[in-house]
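Hello,

Here is the structure we talked about handing over.

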Amino acid sequence: MKQAALSFLKKFNLFFMLLCCFPDAVPDDFRPYSDFNASDMKIWYDRADLEETRDMWMASANIGMSVLSPEERDKSLLVMKERLASWQWNRIEEKVCRPDIQSLLSEIENKKKDYLYLVEEGNLKFDENGTPIFKGLSGLDSDLTSWENEIRLFVGDLFNNWERCARIKYDEILSLEKRYWKG
């Protein structure tokens, strides 16, 4: 079936491109409908999912819709809306920055060294065997509380930065999409 669809598309490539650009220019009774049906639209939706913009997504999907009969087009419309929504959600996820978990892990490692071992002028102190000198258990409770507070502050800053970035990206995406959702 896929091969037949590709063969059909090769024959009428120019027609489809014009039809995509000017969909209302050709009346329904003059369109060269094929045996292509709504379930075959998956080929076109998969192709549309590779596009970078919503307009290009719609153009790719509409090429496939143009060869469907009006009845098949109606059946395919709901699936098309669902696929477009899925594509848009994936684009949002791609654009939103992610929290820098690696910096969190590095900070935990640095704080662990500060609170577990003796530090002199920011550097670990080593014994004669080259092993870091453990601080011991005295003051462990206060050190644990300090460590937790410092990590909590770092995590708060990390996620505040992520939230700020996410809000900026959300506003950018929303402003681009508003033109499509005007009622």
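A salt bridge here is a side-chain nitrogen of Lys or Arg within 4 Å of a carboxyl oxygen of Asp or Glu. This is a predicted model, in which local features need pLDDT of at least 70 and side-chain atom pairs count only at pLDDT 80 or more, while totals for chains, interfaces and linings use all residues. Residues are numbered from 1 along each chain as its sequence is written, and side-chain values use heavy atoms, with hydrogens and water left out.

Salt bridges

Side chains of opposite charge can pair when their charged atoms come close. The structure holds 10 salt bridges.

Take Glu-120 and Lys-125. Their side chains meet in a salt bridge, at 3.8 Å from N to O. Glu-120 is partly exposed at 46% relative accessibility (buried means under 20% relative accessible area, exposed over 50%, partly exposed in between, with a 1.4 Å probe and protein chains only). Lys-125 is also partly exposed, at 34%.

Shared partners matter for the next group. Salt bridges join Lys-42, Asp-46, Asp-49 and Arg-83 into one network. Within it, Asp-46 pairs with Lys-42, and the closest N and O atoms are 2.7 Å apart. Both residues lie in helix α3 (residues 42-48), 4 residues apart, about one turn of the helix. Helices are DSSP runs (H or I, at least four residues), numbered from the N terminus. Asp-46 is partly exposed, with 32% relative accessibility.

Which residue forms a salt bridge with Lys-111? The partner is Glu-150, with the closest N and O atoms 2.6 Å apart. Lys-111 lies in helix α6 and Glu-150 in helix α7, so this pair ties together parts that are 39 residues apart in sequence. Lys-111 is buried, with a relative accessible area of 15%. Glu-150 counts as partly exposed at 27%.

Nonpolar patch

Ile-101, Leu-105, Phe-159 and Trp-162 form a nonpolar patch on the surface. Together they have about 340 Å² of accessible area, by the Shrake-Rupley method with a 1.4 Å probe, where only the protein chains shown count as cover for residues. Patches are made of residues with over 30% relative accessible area and no salt bridge; like charges are joined within 9 Å, and nonpolar side chains (Val, Leu, Ile, Met, Phe, Trp, Tyr) within 5 Å. Helices α6 (101-116) and α7 (140-177) are the elements that give two or more residues to the patch. Phe-159 sits in helix α7. Its relative accessible area is 34%, so Phe-159 is partly exposed.

Best wishes
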